[in-house]
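Keep the viewer open as you read.

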Amino acid sequence: HTGEMPFVPGEGMDIVAAQDGIVTRISAASGTPLVKPGDPVRRGQTLVAGYERTQDGGLHAVRAQAQVTARMWARGSARVRMTQENAVETGAQRRKVVLRSLWHERVVRDAQPFASQAESTQRQMVVGLYLPLWREIETYAQTQVFEERRARSDAASMAQGAAEKIARKQCPPDALILDKIVNYSMIDNEFVYASVVLELEAPIAGRIRLTP
């Protein structure tokens, strides 16, 4: 429980801020509001206290009930390399054949892998036998890897998408996105860096039980 609260006999329940933000709306059905629209609040700060004042000036504990929304911000950043690797098959292939059963395996034809390759496997059952027996054919297709430079606009779009995805993971599921700010920068002419700031509005109320 945060903040200095008066002693109230009985048992009540506060509403506290679940996240940092700036209060935009507050509507309390019970309890005593301690903040108003425009107030900045920190996570754990009491928004609505779990007590009310009686007609004779005393206080009694209540379960605070209120709707509180706040404006918040979520941030994300990512970088994308300006070059990408592409692999193209050269046409050279090697095949390895292995005869397998549930208990044994035997290499019928061996093959040395290429330094860079694409692999595929085909399984063929050997019919006419009582025991399960199959042939596995592993095909190694040689590839040549080369670097290709991306267009800066493509790299920026990819970096922005990755940064925004990180920012959206921080947003509550019922958040309303109000605005988005995106900044780009180039790092050593090798990376495009993007930062995204989402401005959002969402319910901020959490509850904590008072223990007088």
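Glutamate 201 counts as buried because its relative accessibility is 15%, and the cut-off for buried is under 20%. The model is predicted. Glutamate 201 belongs to strand β14, which runs over residues 191-203. Its side chain has a polar partner: the side chain of threonine 24, at 3.0 Å. Leaving aside residues up to four places away in sequence, glutamate 201 touches Thr24, Arg25, Thr69, Ala70, Arg71, Asp174, Ala175, Leu176 and Leu178.

Along with β8 (65-81) and β13 (176-187), β14 is included in what covers the buried residues of α1. Helix α1 takes in residues 152-169, 18 residues in total. From first C-alpha to last, α1 reaches 26 Å, close to the 26 Å expected at 1.5 Å a residue.

Which residues of α1 are buried? They are Ala155, Ala156, Ala159, Gln160, Ala163, Glu164 and Ala167. Viewed down the axis of α1, these buried residues fall within an arc of 160°, so they line one face of the helix. The general rule is that an α-helix has 3.6 residues a turn, so residues three or four places apart point the same way. Turned away from the buried side of α1 is a face that carries the exposed residues Lys165 and Lys169.

Now turn to the rings. The count of aromatic pairs is zero. Two arginines do sit over rings. Arginine 79 lies over the face of phenylalanine 191, 4.0 Å from the ring centre. Arginine 94 places its charged end over the ring of phenylalanine 114, at 4.0 Å from the centre.

Note on methods:
Residues are numbered from 1 along each chain as its sequence is written. This is a predicted model: local features need pLDDT of at least 70, side-chain atom pairs count only at pLDDT 80 or more; totals for chains, interfaces and linings use all residues. Side-chain values use heavy atoms; hydrogens and water are left out. Helices (H or I, at least four residues) and strands (E, at least two) are DSSP runs, numbered from the N terminus. Buried means under 20% relative accessible area, exposed over 50%, partly exposed in between (1.4 Å probe, protein chains only). A polar contact is a pair of N or O atoms within 3.5 Å; within protein, one must be able to donate a hydrogen and the other to accept it, and residues adjacent in sequence count only if both atoms are side-chain atoms. Contact means heavy atoms within 4.5 Å. The expected span of a helix is 1.5 Å times one less than its number of residues. The arc is that of the directions from the helix axis to the C-beta atoms. Rings of Phe, Tyr and Trp (its six-membered ring) pair if their centres lie within 6.5 Å; planes under 30 degrees apart count as stacked, over 60 as edge-to-face and the rest as tilted. A charge sits over a ring if NZ of Lys or CZ of Arg is within 6 Å of the ring centre and within 35 degrees of the ring normal.
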